[in-house]
Amino acid sequence: MLYAVGVKAQSEGLVLHTEEWCNVGDLIDGEMVVNGSSQGMAICGDVAFLMHDKGQCVIINLRERHFIASYVMEGNVGHCNNASFGRERVSKDSPFPLLYVSECRGERACYVNDVRLDGSHLVQKIFYDGEDIAGPADWVVDAKRGHIYLYCTVGGVRTFKRFRLPRLADSDSNGEVHLTERDVQREISLGEIAIPQGSFIQGRYIYLPEGVPSRDRRLHVVDMRRGVKVGVVDLSHIEYEPEGIAAMDGELYLSFHTPRSPRDNRIYRISFEGLKH
């Protein structure tokens with residue numbers, strides 16, 4: 001059953017702490033070429049998959065801060081604005097769960113990938129066929145609960161649409177899943193977010209970076225249970241563009257794009273005071 005929740009701004013005295021964790025440019029070989037601006041980030045264990053516009057993926061051990069590999073992901077030809085791991089694996093031998101990457105623009109597809117350290121295969125594409133959204137849109141997976149959300153704009157309002165997370169077996173003969181308005185389980189209106197960036201779900205909260213260096217940069221925190229925006233914290237003390245967000249060992253990490261320097265993907269560890277769990 002579809003039900004909608006409108007987010008109301010509510011300050012709960014959030015205080016953000018940030019610490020620069022690493023600059024990926026310092027971890028990779030000086031001869032290595034990185035193409036495309038830094039975009040989505042997903043973490044599995046201590047391995048971070050760092051997406052770039054048009055599909056290059058740089059893989060690092062985030063805990064030990066060392067480079068592992070880099071390759072262009074098969075079929076991921078879009079902006080790759082967001083990335084998150086799901087719960088299903090292609091086989092029992094797959095080293096990682098499926099990785100869901102947002103095309104963002106164009107067809108607004110979600111690329112579903114079987115990823116390894118030496119390459120990837122595009123195994124499914126997910127689309128939303130509803131006509132109620134406008135502009136770019138991203139996808140984010142809540143693996144624990146088995147949901148996938150479409151982060152989109154409806155009637156000028158930033159909105160999360162929740163769906164059951166499709167399985168590989170749900171694909172049609174073209175390897176695609178087409179979701180419709182009838183498949184929407186819930187909608188959450190997210191309030192004013194001028195320039196959306198990545199998105200991440202941890203526990204009851206949605207974390208939504210916003211902005212570019214020429215404008216304000218902020219991080220929105222939304223309580224999914226109550227449908228309440230519990231805080232918006234300023235990121236403007238960090239001079240770069242916020243992009244992907246993910247967690248390792250329960251701690252949040254936020255990836256930043258350095259304009260005109262794709263190698264210099266800076267990652268910050270962040271924490272909050274005043275956030276109730």
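**A residue and its surroundings**

Tutor: Leu 16 lies in strand S3, which covers residues 15-23. Strands here are DSSP runs of E with at least two residues, and helices are runs of H or I with at least four, both numbered from the N terminus. The model is a predicted one, in which local features need pLDDT of at least 70 and side-chain atom pairs count only at pLDDT 80 or more, while totals for chains, interfaces and linings use all residues. Residues are numbered from 1 along each chain as its sequence is written, and side-chain values use heavy atoms, with hydrogens and water left out.

Leu 16 counts as buried because its relative accessibility is 17%; buried means under 20% relative accessible area, exposed over 50%, and partly exposed in between, with a 1.4 Å probe and protein chains only. Apart from neighbours within four places in sequence, Leu 16 is in contact with Val 233, Asp 234, Leu 235, Ile 270, Ser 271 and Phe 272, where contact means heavy atoms within 4.5 Å. Leu 275 is 259 residues from Leu 16 in sequence, yet their C-alpha atoms are 9.9 Å apart.

The pairing of S3 extends this picture. S3 runs antiparallel to strand S23 (residues 266-273), with eight bridges between them; two strands pair if DSSP finds at least two bridges between them. Within this pair, Thr 18 stands opposite Ile 270 of S23. Ile 270 is also the bridge partner of Leu 252, and strand S22 (residues 251-257) is joined to S23 by five bridges in the antiparallel sense.

Elsewhere in the chain, an open sheet of five strands has mixed pairing and the order S8-S9-S10-S11-S15. Strands S8 (83-85) and S15 (176-179) stand at its edges, each with a single partner strand, so one side of each has no neighbour in the sheet. From one strand to the next, the twist averages 25°; axes are lines fitted to C-alpha atoms, for helices over the stretch in contact, and angles run from 0 to 180 degrees between N-to-C directions. Inside this sheet, S10 (residues 110-116) and S11 (residues 119-128) run antiparallel and are joined by seven bridges, with Cys 110 opposite Ile 126 in S11.

Not counting residues up to four places away in sequence, Asn 61 touches Asp 46, His 66 and Ile 68.

No disulfides are found in the whole structure, a disulfide being a pair of cysteine sulfur atoms within 2.5 Å. The sulfur of Cys 44 has its closest cysteine sulfur in Cys 57, 12 Å away and therefore too far for a bond. Cys 152 is likewise in no disulfide, with the sulfur of Cys 104 nearest at 12 Å; Cys 152 counts as buried because its relative accessibility is 1%.

As for the whole, the protein chain has zero helices and 23 strands. Buried residues make up 57% of its 277 residues. Of the contacts with a separation of 6 or more, 54% join residues 24 or more positions apart. The C-alpha atoms fill a box of roughly 50 × 50 × 30 Å along the principal axes.
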